[in-house]
Amino acid sequence: RKNVEDFTGPRERSDLGFVTFDITADILNGKNVWTCIHLQSIFDWNVKQLFLYLSAEYSTKNNALNQVVLWDKIMLRGDNPRLSLKDMKSKYFFFDDGNGLKGNRNITLTLSWNVVPNAGILPLVTGSGHVSVPFPDTYETTKSY
Amino acid sequence: AARGVGSAGPERGSRGGAAMDLFGDLRRMNKRQLYYQVLNFSMIVSSALMIWKGLIVVTGSESPIVVVLSGSMEPAFHRGDLLFLTNFHDDPIRAGEIVVFKVEGRDIPIVHRVIKVHEKGNGNIKFLTKGDNNEVDDRGLYKEGQNWLEKKDVVGRARGFLPYVGMVTIIMNDYPKFKYALLAVMGAYVLLKRES
């Protein structure tokens, strides 16, 4: 994790986190292997696609609640419902609003998905498993990405 | 409508027959009937407006039904799809939700997904959005110098959706002649429709 300037946003220095992760998910049979919880089969006749996203949720001194989407994927009906991603880098920069990542022990990663029907309600579902990721107390100075 | 045997008026050719019938109708309608038809029409319009206002109250959103105007949320939503929104005050804004927001100073609502949320203890929320089909987040769309959106920018959260239905609004916007033609036809029908 580094402390750098976020050129895409506010011109102050903020913590930038680097996370690598593995995801194994079996959406068709409803067994979300990564979280080890059984779900019902999601892809029925009225499901056009699933918008999956991995989000990190944590608290800092500045903000009581922070949520940052690290990675997302669109899974259309008919796509391979088995996800097996190893050692993925996050798709989006994990910038905190401030310097709240340093020493933060309790960053929770959860996998959620937005069911997009052919017509009807748009539910947002959170997988019930989660992973805790602690950040170290010091910044990295080398380019380890 | 069938013409009675005793109808007044000159012999009509079959081509001009229907139009002549309508004007004949109009001339024959006395003032009372005309007022009645106008009142009927006004009632229909008022009821429609009341339903719309009722929806605004029930959903808490100033615009509970919106039409998707761009392709930035494909393949989930396409231009012409209809979205149903709610905007309950106590509903917190969370990552992954699809929100419809307006940039300060612009009229056009944008439908994108929330990708970052930072909420303070007192309930102050600031968040960042991005269209599923866009490479970058929406900071380029916000006002000059604005980096985050706030609750006040939100028109509503997308809760339900119907494909294609909103195309009618887009066509009416792009081809105003079509809109006027539609209104003229509707007006003529309502005013001239006879209650038996």
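Visitor: To begin with one detail, which residue of E7(B) does A:Gly120 stand opposite?

Guide: The model is a predicted one, and in it A:Gly120 stands opposite B:Phe161. The two strands concerned, E11(A) and strand E7 of chain B (residues 154-162), run antiparallel and are joined by 2 bridges.

Around this pairing lies the wider interface. In it, 33 residues of chain A are in contact with 32 residues of chain B. The two chains bury about 2500 Å² between them, and 54% of that area is on carbon and sulfur atoms. On the side of chain A, the residues that lose the most area to chain B are A:Leu65, A:Gln67 and A:Leu122, which together account for 23% of what that side buries. Between the chains there are 14 residue pairs in polar contact, while the count of salt bridges between them is 0. Four strands of chain A, namely E6 (47-58), E7 (65-76), E10 (107-117) and E11 (120-121), each supply at least two residues to the side that touches chain B. Of the elements on this side, E7(A) gives the most, with 7 residues. By type, the residues of this side of chain A divide into 19 nonpolar, 10 polar and 4 charged.

A:Gln67 is located in strand E7 of chain A. Its relative accessible area is 8%, and because buried means under 20%, A:Gln67 counts as buried. The side chain of A:Gln67 reaches the backbone nitrogen of B:Ala95 at 2.7 Å. Beyond its neighbours within four places in sequence, A:Gln67 is in contact with residues of both chains, among them A:Ala56, A:Glu57, B:Arg94 and B:Ile115.

B:Asp91 lies in the loop between strand E2 (82-86) and strand E3 (98-102) of chain B, whereas B:Arg159 lies in strand E7, so the pair links distant parts of the chain, 68 residues apart. B:Asp91 is partly exposed at 23% relative accessibility, and B:Arg159 is partly exposed at 29%. A second salt bridge joins the side chains of B:Glu97 and B:Arg157, at 3.5 Å from N to O. This pair is 60 residues apart, with B:Glu97 in the loop between E2 and E3 and B:Arg157 in strand E7 of chain B. Both B:Glu97 and B:Arg157 are buried.

Definitions and conventions. Residues are numbered from 1 along each chain as its sequence is written. Chains are lettered from A and ligands numbered from 1 in the order in which they are written. This is a predicted model: local features need pLDDT of at least 70, side-chain atom pairs count only at pLDDT 80 or more; totals for chains, interfaces and linings use all residues. Side-chain values use heavy atoms; hydrogens and water are left out. Contact means heavy atoms within 4.5 Å. Buried area is the accessible area (1.4 Å probe) that two parts lose on being put together, summed over both. A salt bridge is a side-chain nitrogen of Lys or Arg within 4 Å of a carboxyl oxygen of Asp or Glu. A polar contact is a pair of N or O atoms within 3.5 Å; within protein, one must be able to donate a hydrogen and the other to accept it, and residues adjacent in sequence count only if both atoms are side-chain atoms. Ala, Val, Leu, Ile, Met, Phe, Trp, Tyr, Cys and Pro count as nonpolar, Asp, Glu, Lys and Arg as charged, and the others, Gly among them, as polar. Two strands pair if DSSP finds at least two bridges between them. Buried means under 20% relative accessible area, exposed over 50%, partly exposed in between (1.4 Å probe, protein chains only).
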